[in-house]
Amino acid sequence: MPLLEIDELSAGYGSLPVLQGLSFGIEEGETAVLLGLNGAGKTTTVLCLTGLLKPWSGRITFDGTDVTGWDPRKLVSKGLVLVPEGRHVFPEFTVAQNLRMGAWPHRRDRARTKEITEVAVEYFPRLRERWTQLAGTLSGGEQQMLAIARGLMARPRILFIDESSLGLSPKLIKTVFEVVKQINTDGTTVLMVEQNAGAIAIADRALVMQMGTLVYEGSGGDILDHSEIREAYLGTPA
Ligand SMILES: Nc1ncnc2c1ncn2[C@@H]1O[C@H](COP(=O)(O)OP(=O)(O)O)[C@@H](O)[C@H]1O
Ligand SMILES: [Mg+2]
């Protein structure tokens, strides 16, 4: 049984349908990448999975529990954590304060929080150098590192990372992808949402969405071999 299972999910905004019977599963321990052109419904999917958008119908099962319609706090406590598109760090707070805010599910356990902070910062040593700096003064790459580290502070079992590569230099994208792979190797299941097909290289499995449904599912290698999939759904000659 997959760790996370999405079954016939539909959702949208107002009366606009976006997800239209979306189904897929994520296995415990894997890194999966959800690809698709702009507007395919990728962000809408991860918003539903983290309770920030209520699905219209369908079912979300996590670790054997039906979590459909749960509110975001309860889902974070259960281990479903989103690193949102656009980073959304708190610009007026320091790096240290931003990280502490990520630790609210277990905020009463100070020793634990300290321990998790150490782990999160080990992935991104740059954050230690910026410790007392306001998040709003960090570079785009550093803000992305902070956003991922803040996500780790909640001790995710599955981490959803929405468009982490957007606006970063190729060198920084490589760094971020490598750290994400390491986080996965260390035991966290990962679903990356990307328009950058470069993420396929670190993924065990690729899922491709178009107009709110899944149109392809396979190993990363398979997708790179299918030039018609690349061109139709990714829009990037990989
Ligand atoms: N807050 C919103 N209100 C209305 N429509 C939205 C909103 N957010 C996204 N949409 C629409 O939903 C569709 C899917 O968007 P999204 O899930 O963000 O796609 P992706 O992340 O794959 O680019 C798009 O047509 C987009 O315009
Ligand atoms: Mg998006």
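**Note on the predicted model: strands, cores and the magnesium site**

1. Serine 57 lies in strand β4, which spans residues 57–62, where helices (H or I, at least four residues) and strands (E, at least two) are DSSP runs numbered from the N terminus. The model is a predicted one, in which local features need pLDDT of at least 70 and side-chain atom pairs count only at pLDDT 80 or more, while totals for chains, interfaces and linings use all residues. Residues are numbered from 1 along each chain as its sequence is written, chains are lettered from A and ligands numbered from 1 in the order in which they are written, and side-chain values use heavy atoms, with hydrogens and water left out.

2. At 35% relative accessibility serine 57 counts as partly exposed, given that buried means under 20% relative accessible area, exposed over 50% and partly exposed in between (1.4 Å probe, protein chains only). Leaving aside neighbours within four places in sequence, serine 57 is in contact with Glu8, Leu9 and Ser10, contact being defined as heavy atoms within 4.5 Å.

3. Serine 10 belongs to strand β1 (residues 4–13) and, at 14% relative accessibility, counts as buried. Not counting residues up to four places away in sequence, serine 10 touches Leu19, Gln20, Gly21, Pro55, Trp56 and Ser57.

4. An open sheet of six strands, with mixed pairing, has the order β6-β7-β8-β3-β9-β10, two strands being paired if DSSP finds at least two bridges between them. Its edge strands are β6 (80–83) and β10 (213–218), each of which pairs on one side only. Neighbouring strands are turned by 20° against each other on average, direction ignored, with axes taken as lines fitted to C-alpha atoms (for helices over the stretch in contact) and angles running from 0 to 180 degrees between N-to-C directions.

5. Within this sheet, β8 runs parallel to β3, the two being joined by five bridges, and threonine 31 has valine 190 of β8 as its bridge partner. Five bridges also join β7 to β8, again in parallel, and here aspartate 162 is partnered by valine 193. By contrast, β9 (residues 205–210) and β10 pair in the antiparallel sense over five bridges, with leucine 207 opposite glutamate 217 in β10.

6. Strand β8 is mostly covered, six of its six residues being buried. Thr189, Leu191 and Val193 point one way from β8, whereas Val190, Met192 and Glu194 point the other way. In a regular strand the side chains alternate between the two faces of the sheet.

7. Helix α7 (residues 170–185) lies across β3 (31–35), β7 and β8 (189–194), and runs at about 155° to β8.

8. The largest nonpolar core has 46 residues, and those with the most contacts inside it are Val33, Phe124, Leu146, Val180, Met192 and Ile223; such a core is a set of buried Ala, Val, Leu, Ile, Met, Phe, Trp, Tyr and Cys residues joined through side-chain atoms within 4.5 Å. Helix α6 gives the largest share of this core, seven residues. A second, separate core of 30 residues includes Ala40, Leu53, Trp70 and Leu82.

9. The protein donors of the magnesium ion (ligand 2) are Thr43 (OG1) and Glu85 (OE), which lie 2.1 to 2.7 Å from it; donors are N, O and S atoms within 2.8 Å of the metal (3.2 Å for Na, K and Ca), and water is not among the atoms, so sites may look incomplete. Threonine 43 lies in helix α1 (residues 42–49) and glutamate 85 in the loop between β6 and α3 (95–102), so the pair ties together parts that are 42 residues apart in sequence. Threonine 43 is partly exposed at 24% relative accessible area, and glutamate 85 is partly exposed at 32%.

10. For a check of the backbone, arginine 155 has a positive phi of about 55° although it is not a glycine; this residue is in the loop between α6 and β7 and is partly exposed, with a relative accessible area of 41%. Glutamate 163 likewise has a positive phi of about 55° without being a glycine, but glutamate 163 is found in the loop between β7 and α7 and counts as buried at 3% relative accessibility.
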